[in-house]
Amino acid sequence: ESDKEVGNCGGPVFYCSRKCFLDIGKFDTQFFLYMEEFDTSKRLARKGYHSFYTVKTSIIHLENQSPKIKWRKIKTSLESMGKFFWKYKF
């Protein structure tokens, strides 16, 4: 497998340069956990930046470490998805 361009980057690892990050205006504060990387990817794409998936790195993601209570994770995740879809009118 090799590196490839993707439409959106999601998941525990998301890298962009400081220049790119400042160019799009940092993170949207309405997203607290979940969906912030999709929002950032979408805003970067609108500014003409490209997202890539790379196989050159390896990351260990300790999933479910933020909200310890399962219902709180589900609630926060659904709220963030709703905000994302409302923001982009899917």
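Guide: We begin with disulfides: this predicted model holds 0 of them.

Visitor: How do you know that Cys16 is in no disulfide?

Guide: The nearest cysteine sulfur to that of Cys16 belongs to Cys20 and is 5.6 Å away. A disulfide requires two cysteine sulfur atoms within 2.5 Å. The sulfur of Cys20 is therefore too far from that of Cys16 for a bond.

Visitor: Why is Cys20 called buried, and why is Cys16 called partly exposed?

Guide: Buried means under 20% relative accessible area, and partly exposed lies between that value and 50%. Cys20 has 13% and is therefore buried. Cys16 has 32%, so Cys16 counts as partly exposed.

Visitor: Which other salt bridge does Asp39 form, and what is its N to O distance?

Guide: Asp39 also meets Lys87, at 2.8 Å from N to O. Asp39 lies in helix α2 and Lys87 in helix α3, so this pair ties together parts that are 48 residues apart in sequence. Asp28, Asp39, Arg43 and Lys87 are linked in a network of salt bridges.

Visitor: How are Asp39, Arg43 and Lys87 classed, buried or partly exposed?

Guide: Asp39 has a relative accessibility of 0% and is buried. Arg43, at 15%, is buried as well, because the limit is under 20%. Lys87, with 29%, is partly exposed.

Visitor: What makes Lys56 and Asp3 a salt bridge, and which parts of the chain does the pair link?

Guide: The closest N and O atoms of Lys56 and Asp3 are 3.2 Å apart, and the limit is 4 Å. The pair links distant parts of the chain, with Lys56 in the loop between β2 (51–53) and α3, and Asp3 in the segment before β1 (4–6), 53 residues apart. A search of the whole structure finds 6 salt bridges.

Visitor: Why does Lys56 count as exposed, whereas Asp3 is called partly exposed?

Guide: Exposed means over 50%. Lys56 has 69% relative accessibility, so Lys56 is exposed. Asp3 has a relative accessible area of 33% and is therefore partly exposed.

Visitor: Which residues make the nonpolar surface patch, and why can Ile74 be counted in such a patch?

Guide: Ile74, Leu78, Met81 and Phe85 make the patch, which covers about 360 Å². Residues in a patch need over 30% relative accessible area. Ile74 has 43%, so Ile74 passes that limit. Ile74 lies in helix α3, residues 70–88.

Visitor: What pattern does the chain follow along the sequence, and how much of the chain is buried?

Guide: The pattern is β-α-α-β-α, made up of 3 helices and 2 strands. Buried residues account for 21% of the 90 residues. The chain exposes about 7000 Å², of which carbon and sulfur atoms supply 59%.

Definitions and conventions:
Residues are numbered from 1 along each chain as its sequence is written. This is a predicted model: local features need pLDDT of at least 70, side-chain atom pairs count only at pLDDT 80 or more; totals for chains, interfaces and linings use all residues. Side-chain values use heavy atoms; hydrogens and water are left out. Patches are made of residues with over 30% relative accessible area and no salt bridge: like charges are joined within 9 Å, nonpolar side chains (Val, Leu, Ile, Met, Phe, Trp, Tyr) within 5 Å. Accessible areas come from the Shrake-Rupley method with a 1.4 Å probe; for residues, only the protein chains shown count as cover. A salt bridge is a side-chain nitrogen of Lys or Arg within 4 Å of a carboxyl oxygen of Asp or Glu. Helices (H or I, at least four residues) and strands (E, at least two) are DSSP runs, numbered from the N terminus. Buried means under 20% relative accessible area, exposed over 50%, partly exposed in between (1.4 Å probe, protein chains only).
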